[in-house]
Amino acid sequence: MLDTSEGYITEDGRKIGGVVMEMKNITLRFGGVVAIKDISFDIREGEIRAIIGPNGAGKSSMLNVISGFYNPQEGEVWYKGQRRPQMKPYQVARQGIARTFQNIALFEGMTVLDNVMTGRIRQMQAGLLSQAIWKGKAEREEVENREAVEKIIDFLEIQSIRKTPVGRLPYGLKKRVELARALAAEPSILLLDEPMAGMNVEEKEDMSRFVLDVNDEFGTTIVLIEHDMGVVMDLSDRVVVMDYGKKIGDGTPDEVRKNQDVIDAYLGVAHD
Amino acid sequence: MGTSSQAADGFQSIPALLQRNASQFANRPAYREKEFGIWQCWTWAETEKEIEAFALGLLNLGVNEGDFIAIAGRNRPYFYWAMVAAQSVGAIPVPVYQDSAAEEMAYVLEHCGARFAVVEDQEQVDKIIDIQDKLHQFEHMIYVDPRGLRKYDHHKLHQYSHVQEQGRAAREEFIEDLKARRGKLEYASTCVMLYTSGTTGKPKGVVLSNRNIIEASKSSAEFDHLHRGEEVLAYLPMAWVGDFIFSIGQAYWCGFCVNCPESADTMQTDLREIGPTYYFAPPRVFETQLTNVMIRMEDAGRLKQRMFHYFMDHARRVGPAILDGKPVSGWDRFKYWLGNLCVYGPLKDTMGFGRVRVGYTAGEAIGPEIFDFYRSLGINLKQLYGQTEASVFITLQPDGEVRSDTVGVAAPGVEIRIAENGEVYYRSPGVFEEYYKNAESTASTKDAEGWVATGDAGFFEEGSGHLRIIDRAKDVGKMADGRMFAPKYVENKLKFFPNILEAVVFGNGRKECTAFINIDLTAVGNWAERNNIGYASYQELAGHPRVLETIKSHVEEVNRSLADDPMLAHCQVHRFLVLHKELDADDGEMTRTRKVRRGVIGEKFEDLVMALYDGSDEISTRTEVTYEDGRKGYISATLKIIEAEVVPVDSHEKVAAE
């Protein structure tokens, strides 16, 4: 297995750094249902880390633990060398973790531009009064933030829909707008919950390109959940495989592909 | 300014015109590009600095005089600068279509032996890396957009801005060399080499000198009184001669501003924001825009619809006359003024034509209804007839003499003669130097006295003296009984229907004419939506019985109108089929400028052509398609062959017409 203790160099020559986030023996229960059972893995700086598994394996729950939406009953989340206390999602966001959702959560009536601007909330400090009279700090901040947002719009090639209300956009584009909003927060870790679900081949190719570009251009660490095995194997540096709340595999795509437990989970064997 | 003849003596190259503009119009805008949501602007003085920096950078990379530099990207100031910078160091820019497939690009780069290429982004870089093994002389590649390219081997790959920085840093070292090379440019030196799309065979490299470009730009600018205050939107492919003339030739001659859109998809918004005063578009663009307006009007409220139709009827009646300065009654003028306030003005503004003073269309025939629609709104839309080999201009329509069925009178400085077989020949200062490395084709196209064969058949109309083009001379054939067969003429008539995107008519050497038809997905799709007709794919819609019914009625209408024309009554379409796929340049069925490649289509769909003549009423077929990334796939379909009603004509009388 690939030794990743000190960071590593990927096949295509990207340098992956040390551990930024570590999950230690996480267990998450909803009443009697165990969604995640004693899972540990790490996420390294600059890598694309995928979490895969069959339906109901607990992938989204895992992502929600990372994003602070769920607090696990047992186990610890370590972030940048410190144990993370129980947090609200907005506190996690402040730490530089942004996400997209499986079933798009945008403001349908607002334009693409306004939606992406909401991603900059964290960078706005002007007070209510200043915002209301639109002088000094508020105005300056708006200009700065708009500039940052325009760079992202350019990056994701959504200039032509800048002023279009999100509700009028097709699904594939909405997904891209959601990615734009997450990027607007300038996250150090980006969580993508099924970024390619429901897309056609061309849209998937575009999206894959953008995920790689984001990682390459901004050095963002990316954690993604995805169903499409082809996409996962092509994109990610390391993969965690879950099944029934347990971790059954962890390693590079090649290693995971050869793992007997993973093959069984996907092709199906009788569970007892 | 720029209309006097003084310039020709002093300014013998584009870089020389740049120097003039940088001193005379230093603070006037030369380029604008929308980026990050804002129109960024460069004045002529700034432009000169940018171009100089890039030229110095090219010297630094070792560009020699006479080298070819390929340019591949969408319309952005950087590429226009790269072209002028290349000229400044004595190299020759070769713009190529950025959407061309790798093999097409390989052919062009190999043929001219390009040592350098300036390209837009990763997509183009990847494409050239793929074909690099075939290119023996190729050395360095320069890209504008660094995204995704960070990890690439940068030994022979450079970022545009870095080349400029290195150029600025090495100014001391190279500036004298640059000045010397710039000083050597004269009227006879090569200005640009453009590859013609070629409806048959391999593309040919058309060498155009400074004389060609500057003379053509100068006389056409005078013809339409263009001045430095014009605004143009550069959105047509840079590899096309028209864009070179409008965005470089005329822009540098007159000193006007070239605006580059943010991306290909935002063109409509950008057009509206800029409001160009001088505008060029192929008929297809006008057609699409009109179709969109009509579709949107269908969704408008009652009152608006009635107002629109009422005033549009009025405009159709008196608009063109008002535009041409013909006498129109005071009451009609008042109504037109009112219409302008309520309908025409806002409509023109929405379409981005609010300020158009001179608009041109060319390349294909334009439907009379479409042409009249724009003219009746008060947009001075005219036609021109041109070729790459002529530095665009052969004929132009003067203000006040505009019609949809002619292409106008000889452009200033152009002589035209019609050969015995009907082919149009011309001679002008804009006539190209040669086809690069192809003396044979040069000799067969251009004779010793400088007359160039256009390959189009046409005639001068009696009375008005305007030129009318019938068809490509080589496409004009004979039917089995020896009468003239002019496919394009019939195809154009078919294409004037919004539902028909493309048509290919067969009949050379046969007894009857038949046709392939492509439906227009926008128009037919909208119709289907409004009539509750469900369809899952292009193919399904194209085969829908009611669509076939509609197309049949269009074909029959064309037949009726053909029957009235004694020269072409026998070209009526007897049978047709609606194709299951759109004809596409990626499949080689059309050129990149969207002209039908008759030969390729005839071969590729041989089974379908056979079926049109052997009396079958349907045919199953399997067709290879090429996706944008070069992969191939197949689609199969069963197509109905439909008989169209023809108007009987008395054939014996008409034989003489041939």
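Me: What share of the contacts in chain A between residues at least 6 apart in sequence joins residues at least 24 apart?

Reply: In chain A of this predicted model, 68% of the contacts between residues at least 6 apart in sequence join residues at least 24 apart. A contact here requires C-beta atoms, placed from the backbone, within 7 Å, and by that test the corresponding share in chain B is 65%.

Me: What makes chain A as compact as a globular protein of its length?

Reply: Chain A contains 10 helices and 12 strands. Its radius of gyration is 19 Å, and the globule rule gives 19 Å for 272 residues, so chain A counts as being as compact as a globular protein of that length. Taken along the principal axes, the C-alpha atoms of chain A fill a box of roughly 65 × 40 × 40 Å.

Me: How do you know whether chain B agrees or disagrees with a compact globule?

Reply: A compact globule with 658 residues would have a radius of gyration near 26 Å, and because chain B has 26 Å, the value agrees. Chain B holds 23 helices and 29 strands, and its C-alpha trace spans about 80 × 65 × 55 Å along the principal axes.

Me: Which domains does chain A have, and what makes up the contact between them?

Reply: The domain assignment gives domain 1 as 2–96 + 187–267 and domain 2 as 110–172 of chain A, with 29 Å between their centres, taken over C-alpha atoms. Their contact takes 6 residues from domain 1 and 4 residues from domain 2 of chain A. On the side of domain 1 that touches domain 2, α2 (89–94) and α7 (201–218) of chain A each supply at least two residues, and by class that side has 3 nonpolar, 1 polar and 2 charged residues.

Me: Why is α2(B) described by a particular orientation relative to α4(B)?

Reply: Helix α2 (residues 14–24) and helix α4 (residues 77–88) of chain B pack at an angle of about 110°, with their axes 8 Å apart. Angles of 65 to 115 degrees count as roughly perpendicular, and therefore α2(B) is roughly perpendicular to α4(B). I14(B), P15(B) and L18(B) of α2(B) meet V84(B), Q87(B) and S88(B) of α4(B) in this contact, which by class has 4 nonpolar, 2 polar and no charged residues.

Me: How do you know whether α9(B) and α10(B) are parallel or perpendicular to each other?

Reply: Helix α9 (residues 210–223) and helix α10 (residues 241–254) of chain B pack at an angle of about 75°, and their axes are 9 Å apart. That angle belongs to the range of 65 to 115 degrees, and therefore α9(B) and α10(B) are roughly perpendicular to each other. Among the residues making the contact are I213(B) and I214(B) of α9(B), together with W253(B) and C254(B) of α10(B). Sorted by class, the residues of this contact divide into 7 nonpolar, 4 polar and 1 charged.

Me: How many residues of chain B are in contact with chain A, and what classes do they belong to?

Reply: There are 11 residues of chain B in contact with 13 residues of chain A, and the side of chain B that touches chain A has 1 nonpolar, 4 polar and 6 charged residues.

Definitions and conventions
Residues numbered from 1 in each chain as written. Chains lettered and ligands numbered in written order. Predicted model: local features only at pLDDT ≥ 70, side-chain atom pairs only at ≥ 80, totals over all residues. Axes fitted to C-alpha atoms, helices over the stretch in contact; angles between N-to-C directions. Helix = DSSP H or I, 4+ residues; strand = E, 2+ residues; numbered from the N terminus. Parallel < 35°, antiparallel > 145°, perpendicular 65-115°, else oblique. Contact = placed C-beta atoms within 7 Å. Nonpolar A, V, L, I, M, F, W, Y, C, P; charged D, E, K, R; others polar. Rg over C-alpha atoms; globule rule 2.2 N^0.38 Å. Domains from an automatic or database assignment.
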